[in-house]
Each structure stands twice: as C-alpha cells, then as structure tokens.
Amino acid sequence: MRFLADMDRTMLAAVLKQLGRPLEIEERPRPAFGDEEALIQVMACGTDGTDLKIVDGFGYSPELPAILGHEVAGVVAEVGERVTRVKPGDRVVVYNFSTCGRCRMCRTHREQLCPHMTGVLGAKDRGGHAEYLAIPARQLVPLPENIPWPEAAVLADARITALHAVDRAGVGLNDRIVIFGAGGVGLSAIQISKLAGASVLAVDRVAEKTDFAVRMGADIAIDSTRTDVQEAVREFTRGEGADGVIDCVGVEETLAAGVDVLRPGGRLTVVGYTPETYGLNGKRLAQNELEIVGTRCGRLQDLVGAVRLLAENKLKPLVTHPYPLEEINRAMADLRGGRVLGRAVLLTPAGREAMGQTPTPSSGS
C-alpha cells in the first residue's frame, strides 16, 4: 500500500453537486490539514439512510458541492505539527463530531449535543466518500488489527448509535425489549441488548430482514405486514407489556405502536426520524408514567466501547454489501430500494488493495 510520498496530491471523491441527483466521481485536491489535524487515507466508509436524507434535502444541509460519508476507517497518512496521539501508519476509526471540548455537554461526556460544533462529518464540512480525509486528531480512535476495514467503518455510526440507544433505553438483565427496524442500527441494538441480558422481539416489514434479525440474535422477529404487533408483544411479555421499545424507524405508525406496547413505567427510545410529526396519547403517557427519550448517534466513549466489543468478537459482522467507492450511486440505489440486508460500505482503491482485491484504476492508486 502506498502513502503520500509515493503519489501525487489528488484523490478520487464522490461529490454531491445537486440535491436529488446522482453523485459525481471526480478527481479533487487532497485536503490540507492543520497543526492539530491528521490526514487519513480512507480505507472504507459506510453509506446509509442519513446520506439518502441529505441527498433528498432533509436533515443536514451541507454547502454544495459536498463530499458526504460519516462512517470512516483508515490509516493515518500524515499528522500536523502539534499531533502526538497518533502517527503515520496507525489504523483508526473516526468519530463524527468536531466539538468545542469546553461546554457543559462536552465536559459531561455528551459531546454529540455540543452547541458549539465546528463540524459534523459527512454532513457539514467534510466527508469520507473519498480517498483522503483531514480531521482533528482528537476525533481518532485506535483500531485493532483484527477488525477488518468494512466492519471498522460502521463502528462510527451504526454501532455507536445502537450502543448509545441501548444505554439511553436503560436496557438491563431480564428486560423484554421491542426493536422496530432491522437495519444496521436495529441489528446492532439487538446484539447489544442481548449482551445486556435482555430478551428481544424485532419488528420489520421485510421478511428477509426479520429472518436476518433472528440470525443476529433476536429471540423473536415478526413481519408487521403479516403479524399483529400488539398481539405478538402480549405473547412475548406474557401480557405485561415491553419494558422498553427502541424505535429505529421513527414514523408515526411505529411510534404509536411503541407507546401502545409498553408496560406501565416503560420507556420508548427514539432513534430514527423522518419529516413526519406525530401526536401521542397524553392520557396513556401520564397515567402509565411512560417515558419517551431521544438519542443522537453516540459519544466518543461509545465509539471506544464499540471498538472493544468488536475486537473481542462480541458482535456479529454487520456488513452484507461492500461496494467500490466508484459505485456509490449503485449502493445508494440499493439502499433506497431496500435491497441492503445489513449495512453497505464503500471501499476505496487502497481499501480493496489492503483486503487483497484488485483496485479499480483511479487517480493515485
């Protein structure tokens, strides 16, 4: 594998130039990096529903043209003069948020809620759907050698989002948890809830995904187009209701169902979101002392924890659809069409070479 000394200063990148349109693959200058930053040679970067939302003009609104991509794993290529925590050649995974490090949220380990963020990877100022990424070195987490590049990339969102959601949900030993949505985050939440000692019922609308959810550890998985969710939960909990619901979909139908299946004192944790707004049954909320909490991605410590769980082989592989970076539009079309069973990851030419694949000819590879 060749680093900067052996190559020119351009890179291949997937660029969003117009909302609602396919991304364009083009050569771009490699990003400059500051004294406290590192230049990362990207090996793998995930793509998911957040990218689809951005392309559709919902959620984050990056200044166009923009490079998306927020699930990044790679190798440190160069470092700024004041960087001491990493060195060239280190394997790393990148935390999403560039935060101030000084506010109340940052000081209480809730940095993903920092009101003074200077950047959100792949959404505001820079992204990983490219061969190189410049990023503050404090956002880099060491990556053990036994974690392959595709699985390393999805640690940065799917895994830490699930880990943080399970923590926010308060999942514990012998809890009975219902998880709506068997995509990458939902599948990870299933595994982490099981590690916490809970029983899990997974709900999706695609039979293939419910089958996969069982293979990933769910005790029961149902297709909500064929099975009544409330009846299934009643049977699963012996009529008591769920201790917790983790909603990775976030539409009115799933949120309403989540409230309906909770036991008194239960907690609904909202992970997924859409442009929809929704009304909830206030009487049921009040008289049953139900809790509804939101959860945003994860904390830096969640990324460290997720790396450890995967390195210790406590999590099953999540990536089912690897693509060359150059085929990002096919990957996004498969995502939009519901054809990705687990998680989709884009491999750069260097990432494919590192995994023993023949890289597609491109600039600098």
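This report walks through the sheets, helices, cores and loops of one predicted model.

## The six-stranded sheet

Start with the open sheet. Six strands build it, in the order β12-β11-β10-β13-β14-β15, and their pairing is parallel. In general, the strands of a sheet pair through backbone hydrogen bonds, either parallel or antiparallel.

Now look at the edges. They are formed by β12 (220-223) and β15 (291-294). Each of these has a single partner strand, so one side of each is left without a neighbour in the sheet. Across the sheet, neighbouring strands are turned against each other by 20° on average, direction ignored.

Take one pair in detail. Strand β14 (residues 262-270) joins β15 in the parallel sense, over four bridges. Here L268 stands opposite I292 of β15.

## Helices across the strands

Two helices lie across strands named above. Helix α3 lies across β13 (242-247), β14 and β15, and runs at about 155° to β14. Helix α4 (residues 184-195) lies across β10 (176-180), β11 (199-204) and β13. The angle between α4 and β11 is about 170°.

Helix α7 (residues 252-261) is worth a look too. Its buried residues are T254, L255, A257, G258, V259 and V261.

## The nonpolar cores

The largest nonpolar core has 80 residues. Which of them touch the most other members? They are L155 and I246. Helix α3 (residues 149-169) supplies the largest share of this core, with 13 residues.

L155 is then in contact with V93, L143, I147, I160, L303, A306, V307 and L310. There is also a second, separate core of 19 residues. Among its members are I222, V245, V259 and V270.

## A153, a buried residue in α3

Helix α3 also holds A153. Is A153 buried or exposed? Its relative accessibility is 0%, so A153 counts as buried.

A153 and A73 are 80 residues apart along the chain. Yet their C-alpha atoms are separated by 4.7 Å. Not counting residues up to four places away in sequence, A153 touches A44, C45, G46, E71, V72, A73 and V345.

Strand β4 (71-79) has seven of its nine residues buried, so β4 is largely enclosed by the rest of the structure.

β4 pairs with strand β3 (residues 37-47) through eight bridges, and the two run antiparallel. In this pair, A38 has V79 of β4 as its bridge partner. β4 also pairs with strand β5 (residues 91-94), again in the antiparallel sense, over three bridges. There, the bridge partner of G74 is V92 in β5.

## Where α1 meets α10

Helix α1 (residues 49-56) packs against helix α10 (residues 328-336). Their axes are 10 Å apart and meet at an angle of about 100°. Angles of 65 to 115 degrees count as roughly perpendicular, and α1 and α10 are therefore roughly perpendicular to each other.

Which residues make the contact? From α1 they are D51, L52, V55 and D56. From α10 they are M332, L335 and R336. By class, the contact has four nonpolar residues, three charged ones and no polar ones.

## Details in the loops

One loop runs between α1 and β4, and P65 is found there. A cis peptide bond joins L64 and P65, with omega at about -5°.

Two other loop residues have a positive phi without being glycine. For N174, phi is near 70°. N174 sits in the loop between α3 and β10. Its relative accessible area is 60%, so N174 is exposed. For R238, phi is near 55°. R238 lies in the loop between α6 (229-236) and β13. At 78% relative accessibility, R238 also counts as exposed.

Key:
Residues numbered from 1 in each chain as written. Predicted model: local features only at pLDDT ≥ 70, side-chain atom pairs only at ≥ 80, totals over all residues. Heavy atoms only, no water. Axes fitted to C-alpha atoms, helices over the stretch in contact; angles between N-to-C directions. Parallel < 35°, antiparallel > 145°, perpendicular 65-115°, else oblique. Contact = heavy atoms within 4.5 Å. Nonpolar A, V, L, I, M, F, W, Y, C, P; charged D, E, K, R; others polar. Core = buried A, V, L, I, M, F, W, Y, C linked by side-chain atoms within 4.5 Å. Buried < 20%, exposed > 50% of the residue type's maximum accessible area, 1.4 Å probe, protein only. Pairing = 2+ DSSP bridges.
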